[in-house]
Amino acid sequence: MAEAGLHYEPNFVSEADRAEIVRWLGAISPIWENRWSDRRAASAGGQRRLLRPVYWLGSWQFACLDYYSPPKGVANRCVAAEPYPPVLARLVARIEKLAREQYRGADLPERWRLSTCLVNLYGSRVEDGRRVDCARVGEHHDFEPGPVASISFGERALFQFVKRGRADAPTRVFAQQWLDDRSLQLFGGDTWKKHLLHRVLRVDRRSGTVFDVRVPEFQTRRVNLTFRYVPDEHVVPFAKLAKPAREDVRGYVTELARHSEFFASQLREAD
């Protein structure tokens, strides 16, 4: 991809930094989330689990609270989460410098920084005794303001930008890129953020990569770190969530607290 507002850089992450990130991945405990809270599942037509385990840094957007979608969807959406480990903080500083060289005006909001990170695990889960592949993401767009960056590890993934319209239209694919191990993808501006949707169509198995990540009955062959901007005033500690929202995610925070002192302290402050 070599379009204005879109930047792809292979080998952005050094081998040494990759090794440090892989060690960090082995120390965290990603979780499975349900799309709805227990109190909303019936009215939503039943409960369903997300396709993949996730982990967040900076702030956590629990699916059952609905995702961050300004200007209206900002309250009780983003819960304070662990800070970036040093290796990611260094990489984020490089990406922010690159973004400020490429974007101007409305494409780069005042105070913009890559303040939140979604760690997505791609692979296959065990279901009824058999392995089911779930290494994909349906088409969507990101509501967080400003440029979005993602770093990929493991098997390469086919990432596409698609036009809005009928799913079976043959000309919907506007641009695509295979995202390789250690690569950076950065995109911003109205064309890529608002006018197009994006998706991960599939993830290869060619290299045989498997990450040692602590998720029972899930085999991870690709990890993607997606960095976005959420203003500080829209991030709240667990204890400051509105009571219904706090109870909706208490189970998740309790699970996270088993392996994270940060979330354990969040629970103590709320009790």
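This is a predicted model: local features need pLDDT of at least 70, side-chain atom pairs count only at pLDDT 80 or more; totals for chains, interfaces and linings use all residues.
Residues are numbered from 1 along each chain as its sequence is written, and side-chain values use heavy atoms, with hydrogens and water left out.

I begin with the interior. A nonpolar core here is a set of buried Ala, Val, Leu, Ile, Met, Phe, Trp, Tyr and Cys residues joined through side-chain atoms within 4.5 Å. Buried means under 20% relative accessible area, exposed means over 50%, and partly exposed lies in between, with a 1.4 Å probe and protein chains only. The largest nonpolar core holds 59 residues, and Trp60, Phe62, Leu88, Val119, Ile151, Phe227 and Val249 touch the most other members. Its largest share, seven residues, comes from helix H3, residues 86–102; helices (H or I, at least four residues) and strands (E, at least two) are DSSP runs numbered from the N terminus. A second, separate core has 16 residues, including Leu6, Val148, Ala175 and Trp192. For contacts, the criterion is heavy atoms within 4.5 Å. Not counting residues up to four places away in sequence, Leu88 touches Ile21, Trp24, Leu57, Leu225 and Phe227.

Val249 brings me to helix H5, residues 243–257, which has a kink of about 50° centred on Val249. The bend at a residue is the angle between axes fitted to the seven residues ending there and the seven starting there. Buried residues of H5 include Ala245, Asp248, Val249, Tyr252 and Leu256. The buried residues of this helix pack against helix H2 (38–41), strand S2 (54–57), strand S3 (59–60) and helix H6 (261–270).

Next, the pockets. On a 1 Å grid over the protein atoms alone, a pocket is an open set of points where a 1.4 Å probe fits, with protein on both sides within 12 Å along at least five of seven lines; lining residues have an atom within 4 Å of a point. Grid points are joined across faces, edges and corners, and a volume is the space filled by probe spheres set on the points. The largest pocket has a volume of about 870 Å³. It is lined by 37 residues, of which Arg52, Tyr67, Leu118, Val137 and His140 lie nearest its centre. Strand S13 gives the most to this lining, with four residues. The second largest pocket has about 320 Å³ of space and 14 lining residues, with Glu144, Pro145, Gly146, Lys193 and Lys194 nearest its centre.

Within strand S13 sits Thr220, which is buried at a relative accessible area of 1%. Thr220 touches Leu121, Tyr122, Thr209, Val210, Phe211 and Val213, again not counting residues up to four places away in sequence.

Finally, the backbone. Most residues other than glycine have a negative phi, and most peptide bonds are trans. Pro70 and Pro71 are joined by a cis peptide bond, with omega about 10°. Arg182 has a positive phi of about 75° although it is not a glycine, and Arg182 counts as buried at 13% relative accessibility. Glu217, also not a glycine, has a positive phi of about 60°. Glu217 lies in the loop between S12 and S13 and counts as exposed at 55% relative accessibility.
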